[in-house]
Amino acid sequence: MDRWLELDGAVNVRDLGGLPTEDGQTTAPGVVLRSDNLQGLSDKDVRRLVEDLGLRTVVDLRTPAEVAGEGPGPLVAAGVRHVNLDLIPGWDPQGDNRDRIVPHEKREKNDLSHFYLGYLDEAADAVVQALSLLADDATGTAVVHCAAGKDRTGTVVGLALKVVDVPDELVIADCAASAQRVAAIMDRLRTRPAYARNLQDKTVAQQSPTTDTMRLLLAALDERHGGVHGWLRAQGWTAADTDRMRHKLLAD
C-alpha cells in the first residue's frame, strides 16, 4: 500500500498500516498516522483527517514551549482530542537558548541515536504514556507528531511497531523514509517563528534521518535491556499492554 498521505498543510504524513510482522500478521491501515507539525492544515486537510479517516486523537510530542508558540493546531477546533507529551523535559528555551525552541541535534558518528536514547532516558513516562494511548481502543484513530515528524515521532512510532513485532529492517526503513521529505519539512518550518532561526544555517543532509539512527537505537536497546520489550517491562509495561497494542494495531 502507498503509506504516504498527501496534505496541503503537512508534508511528512504516512500511515503505519500495511507492515508485516514477524508472525505473519500485518499492521492495520487507518489506525495510527505519523506526521510533522499540524499547524498548517487546511480546512480540506481537516475534513479528510476527521471525516474521511476518522481521526480522534492527536499525540503531540512537542515541548510545551513549542505548543505555546505554535498552538495545538486546527484539529483541536474540529473536536479532536489533543494530548501533549514532552520528550525533552530538561530543555528550557530561556537565556542563551532564546534563539531556539528545541536543542540543537548534533550528530555523533553520522547518526542521532543518542538523541533518541535521550528521549527514553529523560522522558520514559511520556514515551510509555504515548504508547499506552496508541494501544487504547478509546483513543481511536491517532496521529503522532512533533515538529518535523522524524525524531521524536520516529522514536515513539518505532517502539510501537516493535511492540507488535514488526521486523527491525522495516522499522528502520520507516524511520529513514522521512528523509524523502526533509527539504519540504525545512521549507515549512522556516516559515514558522518558533523554528525559523534554529534552521537558518542547517542543511538537508544535517537534518535527514539515516538508517544508522534507528538501527543503532535498536542495537543499544538490545544490548542494554534485551530489546524494546525489555526496556518497556522495566518501565512497568505488561503483557496485557502488549496484547492491547496488538489488538489495536494489527489487522483482523
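Five strands make up an open, mixed sheet, ordered E1-E2-E5-E3-E4; strands here are DSSP runs of E with at least two residues, numbered from the N terminus, and two of them pair if DSSP finds at least two bridges between them. At the edges sit E1 (14-15) and E4 (81-84), each pairing on one side only. Keep in mind that this is a predicted model, where local features need pLDDT of at least 70, side-chain atom pairs count only at pLDDT 80 or more, and totals for chains, interfaces and linings use all residues. Residues are numbered from 1 along each chain as its sequence is written, and side-chain values use heavy atoms, with hydrogens and water left out.

Now to E2 (residues 32-35). With E1 it pairs in the antiparallel sense over 2 bridges, and Arg-34 of E2 is the bridge partner of Arg-14. E2 also runs parallel to E5 (residues 141-145), joined by 4 bridges; there, Leu-33 stands opposite Val-143. Both faces of E2 are covered, with Val-32 and Arg-34 buried on one side and Leu-33 and Ser-35 buried on the other. Buried means under 20% relative accessible area, using a 1.4 Å probe and protein chains only. In a regular strand, side chains alternate between the two faces of the sheet.

What about the cysteines? The whole structure has 0 disulfides, a disulfide being a pair of cysteine sulfur atoms within 2.5 Å.

| Cysteine | Relative accessibility |
|---|---|
| Cys-146 | 2% |
| Cys-175 | 1% |

Conventions
Buried means under 20% relative accessible area, exposed over 50%, partly exposed in between (1.4 Å probe, protein chains only).
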